[in-house]
Amino acid sequence: MAIIKLKYRPIIKEDYTQIVALTDKYVNFEQAYRDYMKSVCDTIGENSAGICALDDKGTMVGVILYERGMHLTGGREDFFQQIKEDIGSDDIWTGSIVVVEDEYRNKKIGAALLVHILSHFEDIGAKHLLLEIWVRPDGFAPSESQLYIARSFTDYGTVDNFYAEAPGLEDHVCDICGHPCKCKAKIAVIHV
């Protein structure tokens, strides 16, 4: 097996085009999603942060992005209140996305991205990271194993029909389900 050598570095605002090129392959939210990613990239270093993995040609093959504050698809104020009570503050960042190119999957690239972002958050004094982990209808959660990289985390459970019940996504045809979405989401907070 060939050793994969990637370079990891913080995201910069100019990475927007590469982030969209990568995420467009795996996320089906069209222009609204691209606008959202633009707003995240525009606040890098202020209210958002990220790490990317680059191959030897400088092409982005993985990305992880976080935003200051609590954000979940469709709002979910019920989770926000419980999390605030548990952590005792509003000092929290939320994972926006983690994407790795198909050919690099199952090679611990996502885990390496998380390790780098956790180190970055230690450096800036961030204490908590909220995650919305996609869970397929068959129960498989591709990113769930990343929780176990953290020193500690709080699991808030898995929510059935999380995306189908999100405002604005009621009729969204899921790339995985092939019909209105039946995917779930696991909600967890990593404690840095």
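Trainee: Which residues is Y16 in contact with, leaving aside its neighbours within four places in sequence?
Mentor: In this predicted model, Y16 is in contact with R34, M37, K38 and C41.

Trainee: And where does Y16 sit?
Mentor: Y16 is in helix α1, which covers residues 16-24.

Trainee: Okay, rings then. How many aromatic pairs does the structure hold?
Mentor: Three. One of them is W93 with F121, a tilted pair at 4.9 Å centre to centre and 55 degrees between the planes. That pair links distant parts of the chain, since W93 is in strand β4 and F121 is in helix α4, 28 residues apart.

Trainee: Are W93 and F121 buried or exposed?
Mentor: Both are buried. Ring pairs also link W93 and F121 with Y66 into a cluster.

Trainee: What about Y148 and F153, why is that pair edge-to-face?
Mentor: Because their planes are at 85 degrees, and over 60 counts as edge-to-face. The ring centres are 5.4 Å apart. As for accessibility, Y148 is exposed at 57%, while F153 is partly exposed at 27%.

Trainee: Switching topic: where is E101 found?
Mentor: In the loop between β4 (93-100) and α4 (109-124).

Trainee: Why does E101 count as buried?
Mentor: Because its relative accessible area is 13%, and buried means under 20%.

Trainee: Which residues does E101 touch, not counting those up to four places away in sequence?
Mentor: E101 touches L22, K25, Y26, M60 and V61.

Technical notes: Residues numbered from 1 in each chain as written. Predicted model: local features only at pLDDT ≥ 70, side-chain atom pairs only at ≥ 80, totals over all residues. Heavy atoms only, no water. Helix = DSSP H or I, 4+ residues; strand = E, 2+ residues; numbered from the N terminus. Buried < 20%, exposed > 50% of the residue type's maximum accessible area, 1.4 Å probe, protein only. Contact = heavy atoms within 4.5 Å. Phe/Tyr/Trp six-rings, centres within 6.5 Å; stacked < 30°, edge-to-face > 60°.
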